[in-house]
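Hi,

Here is the structure I promised to pass on.

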Amino acid sequence: MSSSNKKFTIAVEGNIGSGKSSVLAHLANSSLCDIIAEPLDNWTNLKGHNILAMLYEDPKRWGFAFQANAQMTLAKLHAQTTKAPVKVMERSIYSARYCFVENLYRSKILQGVEYEILNDWFQMLISNGSCHLDLILYLRATPETCLQRIQTRNRSEEESISLDYLQTLHECHEEWLINRNSTNLSIPILIVDANQTKERVYNDTHTHVENLVSY
Ligand code: DGT
C-alpha cells in the first residue's frame, strides 16, 4: 500500500439492478474501505414520506422534489469524512444529475425551468470541490440483466420499473461514462462487466481498489 497515507474516494455507478449494493457489501469486508451507502432510508422515509414511492407513482408531480432531495442528500454524503484509505460511495451527485435528472428532462417529466433550477444547485454543490471523486467504477450490465435482478429482489417501490425505463437510463450511463459527451469532468473511469457472476464482479472491483491504493 502507498506510504503517503493519501485518501481516495470511489463512486460505484451503474444502472438500477446492476449490482452496486452487493459490490459495496463485499467491499465492506476489506480493511481498505469505508462504505457510504446510498441514502435510500431517507428516500423511503423522509420524515414519514416515502418520496421514492411517490416518484414512481406520479413522476410529473414528484420528480423535481425527489431530485432536489436526492442532490442534497448525496452532497452531504460526499462531504462525509471516513477513516479507511478508500471511501466507497454507492452512486454520486453526478449520476443523479447526468443520468436521472437528464432522463426525467428528456422524457418531458421535468419542465425546462425545473431542469435549470436543479442544474444551478448542482453546479453550486460541486463548485467547492467537496464532491471530488478519484475514480468511478462503472458496473456495466445490459438492461435485460438489470430487469431480471430487480424482479428477483422485488422491492415494492420498484414494481413499475420497465425495460424501456432501464434502457433509457442505460443510455444516459453510457453517454456519461463511455462517450463522456454530457460533461467535461475528468474523473478516471474503470468499467466492470456486471453481467458476469457475482464472484467475478467482486474480484474485478477488489483488484481495482487495491491497484488504486498501491500506486
Ligand atoms: P443495485 O444494487 O445496483 O441494484 O442498485 P440499487 O437499485 O440498490 O440502487 P440504485 O441507486 O440504482 O437505485 C435505488 C432506487 O432509487 C431505484 O429505484 C432508482 C432510484 N434512484 C436512485 N437515484 C435516483 C435519482 O437520482 N433519481 C431517480 N429518479 N431515481 C433514483
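Below is what turned up, starting with the aromatic rings.

First, the ground rules: this is a predicted model, where local features need pLDDT of at least 70, side-chain atom pairs count only at pLDDT 80 or more, and totals for chains, interfaces and linings use all residues. Residues are numbered from 1 along each chain as its sequence is written, and side-chain values use heavy atoms, with hydrogens and water left out.

A search of the whole structure gives seven aromatic pairs. Rings of Phe, Tyr and Trp (its six-membered ring) pair if their centres lie within 6.5 Å; planes under 30 degrees apart are called stacked, over 60 edge-to-face, and the rest tilted. Tyr98 and Phe122 are edge-to-face because their planes stand at 80 degrees, with the ring centres 5.6 Å apart. This pair links distant parts of the chain, with Tyr98 in helix α5 (residues 93-106) and Phe122 in helix α6 (residues 112-126), 24 residues apart. Helices here are DSSP runs (H or I, at least four residues), numbered from the N terminus.

Both partners are buried: Tyr98 has 9% relative accessibility and Phe122 has 0%. By that I mean under 20% relative accessible area, while exposed is over 50% and partly exposed is in between (1.4 Å probe, protein chains only).

Tyr105 and Tyr115 make a stacked pair, 3.8 Å centre to centre with 15 degrees between the planes. Tyr105 is in helix α5 and Tyr115 in helix α6, so this pair ties together parts 10 residues apart in sequence. Here Tyr105 is partly exposed at 33%, whereas Tyr115 is buried at 11%. There is also a cluster, in which ring pairs link Tyr94, Tyr98, Phe122 and Trp176.

Next, charges over rings (NZ of Lys or CZ of Arg within 6 Å of the ring centre and within 35 degrees of the ring normal). Lys6 lies over the face of Phe8, 4.7 Å from the ring centre, and the charged end of Arg61 sits over the ring of Trp62, 4.0 Å from its centre.

Finally, the cysteines. The structure holds zero disulfides (pairs of cysteine sulfur atoms within 2.5 Å). For Cys99, the nearest cysteine sulfur is that of Cys172, 5.8 Å away. Cys99 is buried at 0%, and Cys33 is buried at 6%.

Cheers

Note on methods:
Helices (H or I, at least four residues) and strands (E, at least two) are DSSP runs, numbered from the N terminus.
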